[in-house]
Amino acid sequence: MLDVRERMTSLVRFVKRRRDPAVVHALRSAAAATIAYVIALRLSPEPAPLTAPLTALLVVQVTLYATLTNGIRRVNSVVAGVLVAIAFSLLVGLTWWSLALLILASLAVGHLVKVDEYVPEVAISAMLVLGVTTVGDTAWARVLETLIGAVVGLGFNLLFAPPVWVDEAGESIEGLARRVRQLMLRMGEEAAGRTPVEHARERLHEARRLDHDIVEVDAALRQAEDSLRLNPRVREGLLHRVVLRTGLDTLEICTVVLRVLARTFADLAKERDPEPLFDAQSGAAVDQLLSEIADAIVSFAVLVTAHVSQSAESAEERLASELRQAAATRDKLAQLLLEEVQRDARQWQLHGAVLTEVNRILDELDTEHRSRRLLEELDRTSQDQRERLPRLTKFQERVRRNRLAPARRSR
């Protein structure tokens, strides 16, 4: 029985490694580079046409969108460098001062042709070509090898579409929500009793460390957004991107407010030490409220990452129910804090701040608020795309009309 469990664990780990972006990128890059080298051996006059596999290696990226954009810039950078090298070889040849001028000119040309991160590649291509004796043959051979590598890299991703990284981004978002939940639960438990100043400050540091988690989730989300662009496997890619992005924005706002709430608790602990943050009833209400909000945050993350409409509807219903319960507990806490302030008004500003911060989180998680924001973001993104790529937008609308035409005729 134990042996079976170990085998199942190994199988799960293997599957996860296969879905790891680094593993997928390494396998795809190696395959594309090898194919490019085999083709270049037959077409290039060079005995070892290593420029072709090098280009394919740089062109093949994790996502199809990145492959297309990088392939075009890569080819432009190499061709620009070769042309600069040919001009210098005809005029001055290779000397120490011409090499310096060549590098400066290549970097300037790289910025002019807008190859972005491939600006150094312009200078590298120019130096490699200028450093050989048969400049003309080597230059055009390098251009040929670059084109071979770029075509192989682009064709590789067109024939074997790269995976969509939406699931990985969804797991990152849910993981962030669960870390926020754990912190809120600890804060609630400590608020129900006496909280030492050191513990309150530690919770504040934990809330600040959530910023690093958001950066990692944002990187995973950017990769998912790129994998949705121009990918033949995906329908409604824009909707997926906007849903995930607005969901992460909401969670980021909640973490910022949670950090402010942790700071309020730390100030309360400092002011009321050695007394508890709240009296017994108010502390229990704070504990219950933070627990309910923590569950709502996880439900929100599940709603954002749900792909099937049925699961999305159930997640939305669960979130709405949890928010209603949290709002009722919030109202109960407000009444208890009012009574406490009437008895002891020393920290009434901090008690009011707790309610303000809780209200902000509840407002961000509200389903109606999210629906309005989602529609606004979809309209804004669609408008930006129409203004930036009018021809592509017209082509997409034409394809959509052609798809709908048979259904209309059948009706």
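**Group meeting: a helical protein model**

Of the 411 residues of this protein, 44% count as buried, where buried means under 20% relative accessible area, exposed means over 50%, and partly exposed is in between, with a 1.4 Å probe and protein chains only. This is a predicted model, so local features need pLDDT of at least 70 and side-chain atom pairs count only at pLDDT 80 or more, while totals for chains, interfaces and linings use all residues. Residues are numbered from 1 along each chain as its sequence is written, and side-chain values use heavy atoms, with hydrogens and water left out.

The overall make-up is next. The protein has 15 helices and 0 strands; helices (H or I, at least four residues) and strands (E, at least two) are DSSP runs, numbered from the N terminus. Among contacts with a separation of 6 or more, 78% are between residues 24 or more positions apart. Contact here means heavy atoms within 4.5 Å.

Now a pair of helices. Two packed helices are described by the angle between their axes and the distance between the axes. At what angle do α11 and α13 pack? The angle is about 25 degrees, and the axes of α11 and helix α13 (residues 348-365) are 11 Å apart. The axes are lines fitted to C-alpha atoms, for helices over the stretch in contact, and angles run from 0 to 180 degrees between N-to-C directions. α11 and α13 are therefore roughly parallel to each other. For the cut-offs, angles under 35 degrees count as roughly parallel, over 145 as roughly antiparallel, 65 to 115 as roughly perpendicular and the rest as oblique.

The crossing of these two helices, α11 and α13, is left-handed. That term applies if the near helix is turned anticlockwise from the far one by less than a right angle; clockwise would be right-handed. Which residues make the contact? From α11 they are Leu 289, Ile 293, Ala 296, Ile 297 and Phe 300, and from α13 they are Val 358, Ile 361, Leu 362 and Leu 365. Sorted by class, the contact of α11 with α13 has 9 nonpolar residues, no polar ones and no charged ones. Ala, Val, Leu, Ile, Met, Phe, Trp, Tyr, Cys and Pro count as nonpolar, Asp, Glu, Lys and Arg as charged, and the others, Gly among them, as polar.

Next, aromatic rings. How many aromatic pairs does the structure hold? It holds 1. Phe 265 and Phe 278 form this pair, which is edge-to-face, at 6.1 Å centre to centre with 70 degrees between the planes. Rings of Phe, Tyr and Trp (its six-membered ring) pair if their centres lie within 6.5 Å; planes under 30 degrees apart count as stacked, over 60 as edge-to-face and the rest as tilted. The pair links distant parts of the chain, 13 residues apart: Phe 265 is in helix α10 (residues 237-272), and Phe 278 is in the loop between α10 and α11 (280-305). Phe 265 counts as buried because its relative accessibility is 5%, and Phe 278 counts as buried because its value is 2%.

A few single residues remain. Asp 213 sits in helix α9 (residues 197-228). Is Asp 213 buried or exposed? Asp 213 is buried, because its relative accessible area is 17%. Leaving out residues up to four places away in sequence, Asp 213 touches Leu 176 and Arg 179.

Trp 140, in helix α7 (residues 135-159), is exposed because its relative accessible area is 52%. Trp 140 and Ser 44 are 96 residues apart in sequence and 9.4 Å apart in space, C-alpha to C-alpha.

Glu 46 lies in the loop between α2 (21-43) and α3 (51-59). At a relative accessible area of 28%, Glu 46 is partly exposed.

Last, His 111 is in helix α5 (residues 96-112), and at 56% relative accessibility His 111 counts as exposed.
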